[in-house]
Amino acid sequence: MQPGFAMKHRVSSRQVKSIERAPSVAIEDEARSYFFYHYAIGFSKVFDVLALFDIQPHTDRHLYESVTAASLAFFSFQFDCDDARRMAARHYLLALPMVNQALKAPQSVASDATLLAILMLDLFEKILHNDPGSTESRMSHVNGALALVKLRGHDRFQQYISLRLSARLSTSLLISCVAAGAPVPPGLVQLRTELEQFLDKGDPKWQLTGLAIEFVNLQSRIRGGSLPRSDVICQLSHLDIKLVRLAETMPPTWHFDRVLLAEPSERALEMHFDVYPNHAVTQATNVLRIKRILVNNALRTECAGQSTKAHPTVCCCKSCDMLVHNVDELAKDICGSTAQFTGLSKHPVSRTYGAADKACCFTLIFPMYVAAVYASSSTMIRPWVMKQLSFLCEFVGIRQAKNVAGILEKNADINPWAVYTMLGSYAFAA
């Protein structure tokens, strides 16, 4: 294979740090290098197949423009670069008609390059169009990609690139449904069924996404009022049991070590913190905790509605107490996962946070926000999280952390998935 765009832009963590300080390098080149490091060989690797494509202006132009648009969008979000944002929009507008044209051409409609191009356009939308109200734009590209995968046929899953892109699509579409509060389309369920013939069904992340589908669809039915309260409580309880079982059966490679502290630290909620094998395990474990917090909070709401304040039942009161305890313990566990990445230094100004450090810290923002919103006031988690968010903004350089701290300070009644969308968190999953 001849090295193309992706292969030419392999960079190390050390090189990424130097890229941030090299104003003489063209913004597009900086953005591509940083994008490739993050998504193909470094932090995330969810698009590791980028290295297998020859992405050049003269070959598969629609893919080249789509990758360039996503790269510049990612760069602009990370470094608050207006020039990169404008360039990203320009390349996006160039890519759209090219992708549409590729979808009309028999020789390119079912190609891997076209499917990857659509996923890149979806990534662009998630990063830059992070208005919680823009549901249509968040869903348009992934729905189109789902139709394309159906056209391609499941025989293509035997090929590595096709399998990886289709698996990524299933995750992208699920997260889009979660953020939009929309039920999961039957096509996604069918895609997962077909993918399971080629993937490890025992993988914890795969099992977690399956349970997430159950939760999304259950939430949709609850909002639609089609279930009696007794059924809602029963189904939520069963879902929580499944999540607990998944947490208890994690493989040894997912286990964390608890480190006890000799003295208090501003970076630790309690007198300990937890060390995980890597950032991907930390993120996935916190996703599981977030699901359990939301399920237990929904149960708490339903149980509270089952009896009036004037006539509470003993059973219901005990259940509510247990649910409150569950939420508080899960929130504490989320807080315990942060110090591994923020550090415990009393003098943070002396530490330099590189690109990988910043990416790891960014993934902590939404879990901490959920912990702060749903934990009891007696845990003091909310003020602690606000301090951590200020720290992430001031010392790690994550400006979005300040915005989330502001939401908590105002005690605004905001759907947590609106905050998730505002953060563009979908685009920064490990």
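**Helix packing and aromatic pairs**

Helices α3 and α4 are roughly perpendicular to each other. In this predicted model, α3 spans residues 27-41 and α4 spans residues 61-79. Their axes lie 8 Å apart and meet at an angle of about 90°. That value falls within the range of 65 to 115 degrees that counts as roughly perpendicular, and the description of the pair follows from it.

The contact between the two helices can be listed residue by residue. On the α3 side, I27, E28, E30, A31, R32, Y34, F35, H38 and Y39 take part. They face Y64, V67, T68, A70, S71, L72, F74, F75, Q78 and F79 of α4. Sorted by class, the residues of this contact comprise 12 nonpolar, 4 polar and 3 charged ones.

Several of these contact residues also take part in aromatic pairing. A pair of aromatic rings is described by the distance of the centres and the angle of the planes. In total, 17 aromatic pairs are counted. The partners are 40 residues apart in the chain, with Y34 in helix α3 and F74 in helix α4. Y34 has a relative accessible area of 3% and is therefore buried; F74 is likewise buried, at 0%. Burial here means a relative accessible area under 20%.

A further stacked pair is formed by Y92 and F124, since their ring centres are 4.2 Å apart and their planes stand at 10°. This pair also links distant parts of the chain: Y92 belongs to helix α5 (residues 82-104), F124 belongs to helix α6 (residues 112-128), and 32 residues separate them. With a relative accessible area of 8%, Y92 is buried, and F124 is buried as well, at 2%.

Beyond individual pairs, ring pairs join Y34, F35, Y39, F47, F74, F75 and F79 into a cluster. Among these residues, Y34, F35 and Y39 are in the α3 part of the helix contact, while F74, F75 and F79 are in the α4 part.

R192 is placed over the face of W206, 3.9 Å from the ring centre.

Key:
Residues numbered from 1 in each chain as written. Predicted model: local features only at pLDDT ≥ 70, side-chain atom pairs only at ≥ 80, totals over all residues. Heavy atoms only, no water. Axes fitted to C-alpha atoms, helices over the stretch in contact; angles between N-to-C directions. Helix = DSSP H or I, 4+ residues; strand = E, 2+ residues; numbered from the N terminus. Parallel < 35°, antiparallel > 145°, perpendicular 65-115°, else oblique. Contact = heavy atoms within 4.5 Å. Nonpolar A, V, L, I, M, F, W, Y, C, P; charged D, E, K, R; others polar. Phe/Tyr/Trp six-rings, centres within 6.5 Å; stacked < 30°, edge-to-face > 60°. Buried < 20%, exposed > 50% of the residue type's maximum accessible area, 1.4 Å probe, protein only. Lys NZ or Arg CZ within 6 Å of the ring centre and 35° of its normal.
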